[in-house]
Amino acid sequence: MDQWRDRGVWRRGIVLAVIAALLGLLMLLHTQLPNKIGNLGSLTETFLPWLGLAVPVLFVLALVRRSATALVALLLPIVTWVNLFGGLLSDKTAKGGNFTVATHNVNAENPNPAATARAVAASGADVVALEELTNTSRYEKALEGTYKYHSVQGTVGIWSKYPLELVQPVDIQLGWVRALRATVRTPQGPVAVYVAHLPSVRVKFNAGFTAGQRDRSAEALGRAIAQEPEKRVVLLGDLNGTMNDRSLAPVTSQLRSAQGAAGDGFGFSWPASFPMARIDQIMVRGMDPVSAWTLPKTPSDHLPVAARVKL
């Protein structure tokens with residue numbers, strides 16, 4: 001312990017302390033990062049939880065350097081990370097609920113559509129949303145025994161155990177159909193269900209986080225949801241962005257994340273081989289999420305996700 005009583009412990013590790021402070025400020029002030037330069041803000045927010053991995057590395061280095069200054073500076077990123085994401089670490093799932101939904105980006109090049117469809121249906125969902133559909137007939141055949149009602153609009157589809165009404169495409173400014181809206185007639189009353197697959201984003205060395213088309217589609221989807229007359233709304237789909245991504249605010253500001261409210265952990269869904277972000281979302285309005293979870297891996301590059309709510 002004598003080595004920690006040396007006054008040098010406060011003079012050593014200044015560089016580590018500065019790095020720790022900058023890390024904490026980055027997490028604390030992430031909303032201030034500009035998006036005008038390569039969508040830097042959205043890129044950071046997409047992988048924001050992973051910045052916490054730098055904390056144990058800096059902690060070990062601070063111990064090796066015997067730097068009290070660096071250890072104190074680490075309090076800022078630790079407290080900030082816990083404040084941002086600590087609530088997601090606890091299991092908030094509960095029993096009950098009377099309406100289960102699931103969504104899955106099945107991947108246009110899926111080698112086994114039938115197995116993928118059956119795996120999602122095994123969740124017991126009352127309503128299933130599928131995105132990036134190509135071999136539509138194979139999905140329809142695999143699900144016809146479980147779901148009496150369904151509709152496919154463009155490359156997105158909805159399958160339901162309850163009657164569907166007012167099914168129509170939603171214009172998200174792409175020039176082709178990648179979103180739909182339907183009224184599901186549940187025993188507890190009507191629920192408006194939106195299924196959406198927002199455009200993909202890319203990380204390019206010379207352009208940063210290229211997400212302009214995704215952002216415009218998010219604004220269009222947000223306008224459609226804002227005009228929805230039904231009180232109870234569910235959004236299912238691949239939004240190609242996380243709940244932290246400010247560019248999805250036109251959508252996320254109106255709805256509640258089922259995973260955030262009633263899930264266990266982060267619920268990362270992409271890429272399926274090593275999930276690093278939750279870009280497949282289930283969000284609701286006018287109902288209470290009871291539980292949310294990630295389903296087992298399918299041949300797709302996304303994991304399917306499900307949630308149960310109380311109507």
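User: What makes strand 13 and strand 14 a pair?

Analyst: In this predicted model, where local features need pLDDT of at least 70 and side-chain atom pairs count only at pLDDT 80 or more, while totals for chains, interfaces and linings use all residues, strand 13 (residues 288-294) and strand 14 are joined in the antiparallel sense by six bridges. Two strands pair if DSSP finds at least two bridges between them, so these six bridges meet the definition. Pro-289, for instance, has Val-309 of strand 14 as its bridge partner. Residues are numbered from 1 along each chain as its sequence is written, and side-chain values use heavy atoms, with hydrogens and water left out.

User: How do you know that strand 1 pairs with strand 14?

Analyst: Strand 1 (residues 99-105) and strand 14 (residues 305-310) share five bridges in the antiparallel sense, and Arg-308 of strand 14 is the bridge partner of Thr-100.

User: Why are helix 3 and helix 5 called roughly antiparallel?

Analyst: Helix 3 (residues 14-28) and helix 5 (residues 54-65) pack at an angle of about 160°, with their axes 10 Å apart. Angles over 145 degrees count as roughly antiparallel, and therefore helix 3 and helix 5 are described in that way.

User: Which strands are the edges of the open sheet of six strands?

Analyst: The order of this sheet is 5-6-7-10-12-11, with mixed pairing, and its edge strands are strand 5 (164-169) and strand 11 (256-257), each of which pairs on one side only.

Methods
Axes fitted to C-alpha atoms, helices over the stretch in contact; angles between N-to-C directions. Helix = DSSP H or I, 4+ residues; strand = E, 2+ residues; numbered from the N terminus. Parallel < 35°, antiparallel > 145°, perpendicular 65-115°, else oblique.
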